Amino acid sequence: MIIAVIALSVFAFLLLAGFVFSSKVIKPNCVPYEETYRMEIDKGRFDPVWYDKLAKEENWIDSPYGYKLHAIYLPCDASKKTVIICHGITYSLFGSMKYARIFLDLGFNVMAYDHRNHGKSGGKDTTFGHYEKYDLKAVKEWVLKRTGEETTVGLHGESMGAAIALQYLAMDKNISFCVADCGFSDLKELLKIRVNKDFHLPAFPLMDIAGLITRVRTGMIFADISPVKAVGEVRAPVMFVHGSDDWYVPAFMSRKMYEAKKTGSKKLLVVPGAAHASSIATDPTGYAGQIRSFLDECGLS
C-alpha cells in the first residue's frame with residue numbers, strides 16, 4: 001500500500017509538472033504590445049521620431065487558422081524587394097524595427113508582423129513554427145499581392161522568429177535569402193536545456209510527459225520543430241547570426257545549423273560578447289555592414 005501511494009504520488013507530481021512545463025512552452029508570458037514599444041525606446045533600440053516620419057500601413061492578414069495577424073508594412077518608394085521580419089518569443093513587431101532600418105536603407109520594403117498569440121494577433125497558443133510557418137506563408141502572399149508577383153522576398157528572424165523563418169524556408173523555394181539571428185536548432189534539445197536550468201529537473205521523463213500533453217493540447221510534436229533538419233536541403237542563401245554569450249539559446253545551435261546546410265551559400269557571424277538577441281545592439285555598425293555584405297554576395301543589395 002505504501003509503495004502504491006508513493007508511486008501514485010510520483011506519477012501525479014510528474015503529470016502536474018508536465019502540464020506546467022507544457023503551459024510554459026505554449027502559453028508564454030507575453031509582453032503587452034504597448035509595453036514592447038516603450039521597452040524598445042527605453043533600451044535605445046527604437047527611435048520614435050524616425051518611426052513617426054515613416055510611411056506605414058497597418059494591416060490585418062487572415063491566418064489559415066481563422067484568426068487575424070496584425071502587421072505593419074513599411075514601403076520603400078516603389079521597391080520590388082521586400083523583407084519579412086519575424087520577432088522573438090513573448091514580444092511584438094516592435095522588436096523587429098531595429099532591423100527594419102537596415103533594410104530600408106538598403107532599398108527594401110519591410111513587413112513586420114505579430115506572431116500568433118503575440119502582440120495584437122489572434123491565436124491561443126505558441127507552437128514555435130508548427131502553425132506559425134503557415135501564418136508566415138499568408139504574410140508572404142499578402143506581400144506579393146501588395147507589391148507584385150515579381151517581388152524579391154527575403155526573411156529576417158530573431159530567436160523564435162529565426163526558427164520559424166528557417167522552417168518556412170524549407171517549404172518555399174521562392175524565398176531569396178534569410179538572416180537567422182540567434183535561432184534554436186532543435187526545440188526538443190533547447191527545452192531539455194531549459195528544463196535543467198529553469199526547473200533543475202532531469203529531462204527524462206518530464207520532457208516526454210510534457211510533450212505528450214502539448215501534442216494533445218495543440219497538435220505540436222516537440223521533435224518535429226527542428227530547424228536544423230529543415231535547413232539541410234535549403235538552397236537559398238542563409239546568414240546565421242549569434243551572440244557568443246547567449247545564455248538562452250546557446251551559440252552552438254547556429255554553428256550546428258551552419259554546418260548542416262549542405263546546399264547554397266551560407267554565412268556565420270558570431271558577435272563577441274553579445275547576449276541573446278543582442279548582436280545588433282552590441283555592434284550595430286558591424287551588424288549592418290555584415291548584412292550589406294551578405295546581400296551583396298547574394299546580388300540583392
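## Charges over rings

In this predicted model, the charged end of Lys56 sits over the ring of Tyr51, 4.5 Å from the ring centre. A charge is counted as sitting over a ring if NZ of Lys or CZ of Arg is within 6 Å of the ring centre and within 35 degrees of the ring normal. Lys266 has its charged end over the ring of Tyr258, at 4.4 Å from the centre.

The model is predicted, and local features need pLDDT of at least 70, side-chain atom pairs count only at pLDDT 80 or more, and totals for chains, interfaces and linings use all residues. Residues are numbered from 1 along each chain as its sequence is written, and side-chain values use heavy atoms, with hydrogens and water left out.

## Aromatic pairs

The whole structure contains 16 aromatic pairs. Rings of Phe, Tyr and Trp (its six-membered ring) pair if their centres lie within 6.5 Å; planes under 30 degrees apart count as stacked, over 60 as edge-to-face and the rest as tilted. Phe108 and Phe177 are edge-to-face, because their ring centres are 5.8 Å apart and their planes stand at 80°. Phe108 lies in the loop between helix H4 (97–105) and strand S4 (109–113), and Phe177 in strand S6 (residues 177–181), so this pair ties together parts that are 69 residues apart in sequence. Helices (H or I, at least four residues) and strands (E, at least two) are DSSP runs, numbered from the N terminus. Both Phe108 and Phe177 are buried; buried means under 20% relative accessible area, exposed over 50%, and partly exposed in between (1.4 Å probe, protein chains only).

Phe240 and Tyr258 form an edge-to-face pair, with 6.5 Å from centre to centre and 90° between the planes. Phe240 belongs to strand S7 (residues 238–243) and Tyr258 to helix H10 (residues 252–260), so the pair ties together parts that are 18 residues apart in sequence. Phe240 is buried, at 0% relative accessible area, whereas Tyr258 is partly exposed, at 27%.

Ring pairs also link Tyr33, Tyr37, Phe46, Tyr51 and Phe94 into a cluster.

## Cysteines

The structure holds zero disulfides, a disulfide being a pair of cysteine sulfur atoms within 2.5 Å. For Cys86, the closest cysteine sulfur is that of Cys178, 8.0 Å away and too far for a bond. The sulfur of Cys298 also has Cys178 as its closest cysteine partner, at 11 Å, again too far for a bond. Cys86 is buried, with a relative accessible area of 0%, while Cys298 is partly exposed, with 22%.
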